[in-house]
Amino acid sequence: MTQFTKNVINIIKNIPSGKVMTYGQIAKAAGSPRAARQVVRILHSMSEKYNLPWHRVINSKGEIGFKDEEMFQTQKSLLISDGVQFKSDRAISLLVYLWDIDWEFGEQP
């Protein structure tokens, strides 16, 4: 497993309930600002194995990215159960719910 992958897993595990991060934000904090698509792949392949709160990761527009209706509804329900309120069917307010990670990987408390 690459260091980037380890970093991504650690960052996602630390997203608090009621907060979200974007794919790009995670990639940057993990040390590779242009690797948002890799974050998607890591989530897809490792969420179950590492028990990641995958539902707390959204796109840069503040929207759930799933096209599949079942997965969309699952993510939305999980976010609502975390206390996240939607401003439209697909979107939340990033001003309210974005977790502004205050550490670069390796500097966390």
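Where is the place of Lys87? Lys87 sits in the loop between helix 4 and helix 5. Helices here are DSSP runs of H or I with at least four residues, strands are runs of E with at least two, and both are numbered from the N terminus.

The model is predicted: local features need pLDDT of at least 70, side-chain atom pairs count only at pLDDT 80 or more, and totals for chains, interfaces and linings use all residues. Residues are numbered from 1 along each chain as its sequence is written, and side-chain values use heavy atoms, with hydrogens and water left out.

Lys87 is exposed, with a relative accessible area of 62%. Accessibility was computed with a 1.4 Å probe on protein chains only; buried means under 20% relative accessible area, exposed means over 50%, and partly exposed lies in between. Leaving aside neighbours within four places in sequence, Lys87 is in contact (heavy atoms within 4.5 Å) with Ile92 and Ser93. Lys87 and Lys28 are 59 residues apart in sequence, and their C-alpha atoms lie 26 Å apart in space.

Ser93 also belongs to the loop between helix 4 and helix 5. Ser93 counts as buried, at 18% relative accessibility. Beyond its neighbours within four places in sequence, Ser93 contacts Lys87 and Leu98. Ser88 is found in the loop between helix 4 and helix 5 (94–97). Ser88 is partly exposed, at a relative accessible area of 37%.

Two packed helices are described by the angle between their axes and the distance between the axes. Helix 1 (residues 3–13) packs with helix 3 (residues 36–46) at an angle of about 70°, and their axes are 10 Å apart. Axes are lines fitted to C-alpha atoms, for helices over the stretch in contact, and angles run from 0 to 180 degrees between N-to-C directions. The two helices are therefore roughly perpendicular; that class covers 65 to 115 degrees, while angles under 35 count as roughly parallel, over 145 as roughly antiparallel and the rest as oblique. Helix 1 contributes Phe4, Thr5, Val8, Ile9 and Ile12 to the contact, and helix 3 contributes Gln38, Val39, Ile42, Leu43 and Met46. By class, this contact of helix 1 with helix 3 has 8 nonpolar, 2 polar and no charged residues. Ala, Val, Leu, Ile, Met, Phe, Trp, Tyr, Cys and Pro count as nonpolar, Asp, Glu, Lys and Arg as charged, and the others, Gly among them, as polar.

In helix 1, the buried residues are Phe4, Thr5, Asn7, Val8, Ile9, Ile11 and Ile12. These buried residues pack against strand 1 (21–22), helix 2 (23–29), helix 3 and strand 2.

The count comes to 1 aromatic pair. Rings of Phe, Tyr and Trp (its six-membered ring) pair if their centres lie within 6.5 Å; planes under 30 degrees apart count as stacked, over 60 as edge-to-face and the rest as tilted. The rings of Trp54 and Phe66 have centres 6.0 Å apart and planes at 85°, so the pair is edge-to-face. Trp54 lies in the loop between helix 3 and strand 2 (57–58) and Phe66 in the loop between strand 2 and helix 4 (69–81), so the pair ties together parts 12 residues apart in sequence. Phe66 counts as partly exposed, at 29% relative accessibility.

Asn51 is in the loop between helix 3 and strand 2. Asn51 has a positive phi of about 50° although it is not a glycine.
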